[in-house]
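Please look at the sequence and structure first.

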Amino acid sequence: MSQQDHHVEPSTETVTEPGTTPPTRSITPWVFFPSAVIIVGFAAFAIGWPDTASQVFSDINGSIVGALGWYYILAVAIFVAFSFYMGLSRFGRIRLGKESDRPEFSTGSWFSMLFAAGMGIGLVFWGVAEPLNHFANPRPSVAGGSTEDIAELAINQSYMHWGIHAWAIYAVIGAAIAYTVHRLGKPMSIRWSLQPVLGNRVKGGLGHAIDVAAVVGTLFGVATSLGLGVSQIASGLEAVELLSSPGNVAKVVLIGLITAVSVMSLLSGVGKGIKWLSNANLVLAGALLVFVLIAGPTLFLAREFVQSLGTYMQNFIGLTFDVSAYQGEAGQTWQAGWTTFYWGWWIAWAPFVGIFIARISKGRTVAEFVAGVLAVPTVITFLWFSIMGGTALYQEMNGDGGLIAADGSVDSTMSLFTLLADLPGGYLVSIGAIILIALFFITSSDSGSLVVSMLTADGTDDPPTWVRLFWGITEGVLAAALLLAGGLGALQTASIIAALPFSIVMLLMVVSLWKMFHAEHMRYEFEDRQELLSEIGDHYGLEPSPPAVQSATRSPLSRLRGLRLKQRPAKAEPSTPEPTTPEE
């Protein structure tokens with residue numbers, strides 16, 4: 001008998017529990033209104049008093065990084081360790097769905113959607129800019145090395161910020177949501193993944209607060225990406241001479257135009273606008289990557305990719321726990337601008353990406369889920385940085401340069417277009433890159449708005465149109481507000497601030513997920529033992545207790561103790577046939 005044949009299905013029917021509201025096409029007032037007040041109030045403050053807001057953001061950023069930078073590093077290390085543990089331990093056999101469920105999407109389609117989830121504006125923005133920044137202004141602990149060593153470590157540092165660590169955050173929240181929704185039949189909401197830890201408190205004010213933290217974090221994370229994207233679009237338009245010296249006004253106009261397109265895509269639904277845009281993103285991003293690989297130093301890039309993978313694996317543990325403790329204020333400043341910012345950004349994005357990958361992963365085992373989520377996007381991300389960043393470093397070290405200014409600064413918003421301009425057909429490719437960034441802008445905005453709408457509308461996957469419209473517009477306004485309040489620095493600070501409360505939620509999620517998986521594993525062990533006993537019961541004289549006794553027990557292990565010896569019937573003596581008299 002197979003494992004799937006004898007496992008008892010947990011109920012996947014969504015039951016309205018006392019104190020909860022059944023999923024409907026309405027809002028959850030205690031999630032929607034507090035989230036709206038926080039976001040709208042923040043945007044109004046940033047737009048109305050930009051100088052004051054910029055100073056406040058700077059002060060908050062310094063306080064958080066100075067006092068809690070180590071906490072972000074340690075929290076992400078825990079997420080990485082737990083993700084590996086989920087996939088490699090006995091929990092790997094657990095299915096994210098009913099035992100009879102099988103993956104809804106083929107492996108190839110699933111990998112493509114995982115790639116789409118991890119491939120966004122940020123990767124296009126930082127693919128060239130980040131390795132150049134690490135090369136021009138390396139972290140204090142490696143600043144005294146040779147040029148070649150610093151270049152190699154620049155790629156490794158980019159791998160660390162965008163690879164396994166980022167996706168481990170998504171794996172934790174994605175697995176928790178997938179299990180509670182597909183296996184336990186709960187609504188699409190963050191709170192239910194914490195029920196094993198918080199109990200019935202998730203149905204009241206504490207549960208509302210958890211979902212509010214998820215909504216605010218998602219909006220800040222997506223707004224940060226949108227702000228980066230529109231800054232790069234403006235620089236691209238300047239590079240192809242379609243816009244001259246774009247300032248904040250031009251960027252706000254661009255945000256307005258692209259947000260309008262995003263809202264139309266959002267209202268058309270997942271099966272139309274969002275799906276079409278995601279497919280277009282994949283094609284354009286792949287074309288850009290292949291173009292740079294062929295037009296750039298191809299042989300060097302192949303060698304550099306293999307070597308950088310080796311050094312990344314060699315330095316993995318050290319990079320994971322490096323908080324620049326011995327570099328004083330310089331180390332603290334570097335952490336704030338890079339690692340702490342990234343960990344805050346990923347945690348802020350976690351509800352959005354987690355819900356998305358949970359939705360597409362129904363029916364997969366935990367081992368399959370972890371392997372796919374950690375491996376596929378990570379490898380593609382490494383290829384992106386190796387090709388885009390490696391080409392930039394090669395050009396700077398062996399070519400005409402021009403990507404790093406004389407004072408050591410890097411124009412992060414313009415670096416991609418400066419790189420493309422030096423390649424054959426660079427003008428046309430730059431226009432294609434602008435279109436790619438715009439499509440990523442739209443996809444990130446409408447997908448993020450849809451997830452936020454679901455979280456504020458009772459977990460339904462079909463939230464009301466006016467709710468989608470409200471959050472789609474609010475996202476654009478928030479991105480504009482952050483740009484006006486300090487540009488890139490304000491965007492980075494917003495992610496760090498938003499991630500702080502939700503990081504606590506995610507640490508509780510680790511504990512909750514372990515409890516759920518442990519209980520599930522114990523059920524598996526009990527059922528395996530039951531199967532074994534049923535096969536050898538006749539030989540040893542064992543039989544399971546009556547159902548009434550089993551249902552009275554409280555755990556799979558206690559039910560094992562319900563087995564009892566049955567009394568064998570006494571052997572009957574062979575009967576002696578009565579003698580018969582043969583008929584005459």
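Tryptophan 162 and tryptophan 345 are both buried (under 20% relative accessible area; exposed is over 50% and partly exposed lies in between, with a 1.4 Å probe and protein chains only). The model is predicted, so local features need pLDDT of at least 70 and side-chain atom pairs pLDDT 80 or more, while totals for chains, interfaces and linings use all residues. Residues are numbered from 1 along each chain as its sequence is written, and side-chain values use heavy atoms, without hydrogens and water.

**Aromatic rings**

- The structure contains 34 aromatic pairs (Phe, Tyr or six-membered Trp rings with centres within 6.5 Å; planes under 30 degrees apart are stacked, over 60 edge-to-face, the rest tilted).
- Phenylalanine 32 and phenylalanine 33 form an edge-to-face pair, because their ring centres are 5.2 Å apart and their planes stand at 85°.
- Phenylalanine 32 counts as buried at 4% relative accessibility, whereas phenylalanine 33, at 45%, counts as partly exposed.
- Tryptophan 162 and tryptophan 345 are also edge-to-face, with centres 6.0 Å apart and planes at 80°.
- Tryptophan 162 lies in helix α6 (residues 147–162) and tryptophan 345 in helix α15 (residues 339–360), 183 residues apart (helices are DSSP runs of H or I, at least four residues, numbered from the N terminus).
- Ring pairs join both tryptophans into a cluster whose members include Phe125, Tyr170 and Phe385.

**Charge over a ring**

- The charged end of arginine 364 sits over the ring of tryptophan 110, 4.1 Å from its centre (NZ of Lys or CZ of Arg within 6 Å of the ring centre and within 35 degrees of the ring normal).

Definitions and conventions: Helix = DSSP H or I, 4+ residues; strand = E, 2+ residues; numbered from the N terminus.
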